[in-house]
Amino acid sequence: MKQRRQSFTQEPVVAKILEYVYILAGSAIVALAFNLFLLPNRVASGGVSGISTILNDAFGLEPAYVQWAFNIPLFVAGVILLGRQFGFKTLIGTLFLPFVVFLTKDADPVTMDPLLGALFGGIGVGLGLGLVFRGKASTGGTDLAAQIIHKYTGLTLGTCVAIIDGMIVLAATFAFDIEGGLYALIGLYVTSKTIDIVQIGLGRSKMAMVITNHEDEIKQAILQTIDRGVTKVSAFGGYTDMEKPILMCVVDQTEFTKLKQLVKGIDPSAFVVVMDASEVLGEGFKRA
């Protein structure tokens, strides 16, 4: 009993340590992607790093100093205007990322091709930010600015982020050229998609909703053949107003073909609606 209690008390400690590892590792990856891919190719793909890229090219300002100069006041403003919801972990990301940018400023760039720089820089930034978000923190910067604007204007948070990043990309277009702005957009897009992959994963499950007159047969077949759970939802036909139960089932992509064949074999006239389930938590799938 004592050993079991110790394991329960140790688990939150390990999880908390892992969160800090995510924050530090993620911030370091973002900084390396910036110095090895984005900065040498003048790809200003949004955020404070994009601002520092533009100011470095225009005035020769050290990117790490620019990032500290923006991040620290924005963090203070966020704490004052939005409350202390950001905490110590966000402060770590806010300070540590520019620190690694400063340490690796003399690293040789991996490529001098702007397209490759935008693609792989975007992947690196997305991977790093995804890890930081897994650590339940952020790297501050324009994310905090977007939240402040969101609170005092009523605009959605997504709109605020898009406006700020759009202004940075527009500034890159004027500071460099139209191609520079286009490369920045590529980097921004790749970053957002990579964050989704890190947060959700590559594995996509499918949610199937089956409307059939043979619900008991199909339900038993799914339970026994595919070994997946089924939820029976009460519904009514819009034309007949008669009760028509819906069978809802979530399966892995590898099991989806088997599910289709199974339903078709029992009831060829069954009505099936299939949707992507980007993340599934629970029995038979990953744990939260």
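User: How many residues does helix α5 have, and how far does α5 reach from its first C-alpha to its last?

Analyst: In this predicted model, helix α5 covers residues 114-134, which makes 21 residues, and spans 29 Å between its first and last C-alpha atoms, close to the 30 Å expected at 1.5 Å a residue. At the start of α5, a side-chain oxygen of Asp113 comes to within 2.9 Å of the backbone nitrogen of Leu115, and just after the helix Lys136 adopts a positive phi of about 60 degrees.

User: Which residues of α5 are buried?

Analyst: An α-helix has 3.6 residues a turn, so residues three or four places apart point the same way. In α5 the buried residues include the glycines Gly117, Gly121, Gly124 and Gly128, together with Ala118, Val125, Leu129 and Val132.

User: Which residue ranges does UniProt list as "transmembrane region"?

Analyst: The unreviewed UniProt entry lists residues 20-39, 65-81, 86-103, 115-133, 154-176 and 182-202 under that name, and such annotations may be inferred rather than shown by experiment.

User: Is Val48 buried or exposed, and why?

Analyst: Burial is judged by relative accessible area, with under 20% counted as buried. Val48 is buried because its relative accessible area is 7%. Val48 lies in helix α2, residues 47-59, and, leaving aside neighbours within four places in sequence, is in contact with Gln67, Phe70, Asn71, Gly141 and Thr142. The C-alpha atoms of Val48 and Ile168 are separated by 8.8 Å, although these residues stand 120 places apart along the chain.

User: In what order do the four strands of the open sheet lie?

Analyst: A sheet is read from strand to neighbouring strand, and here the order is β2-β3-β1-β4, with antiparallel pairing. The edge strands, β2 (231-233) and β4 (271-277), each pair on one side only, and the twist averages 25 degrees from one strand to the next.

Key. Residues are numbered from 1 along each chain as its sequence is written. This is a predicted model: local features need pLDDT of at least 70, side-chain atom pairs count only at pLDDT 80 or more; totals for chains, interfaces and linings use all residues. Side-chain values use heavy atoms; hydrogens and water are left out. Helices (H or I, at least four residues) and strands (E, at least two) are DSSP runs, numbered from the N terminus. The expected span of a helix is 1.5 Å times one less than its number of residues. Buried means under 20% relative accessible area, exposed over 50%, partly exposed in between (1.4 Å probe, protein chains only). A polar contact is a pair of N or O atoms within 3.5 Å; within protein, one must be able to donate a hydrogen and the other to accept it, and residues adjacent in sequence count only if both atoms are side-chain atoms. Two strands pair if DSSP finds at least two bridges between them. Axes are lines fitted to C-alpha atoms, for helices over the stretch in contact, and angles run from 0 to 180 degrees between N-to-C directions. Contact means heavy atoms within 4.5 Å.
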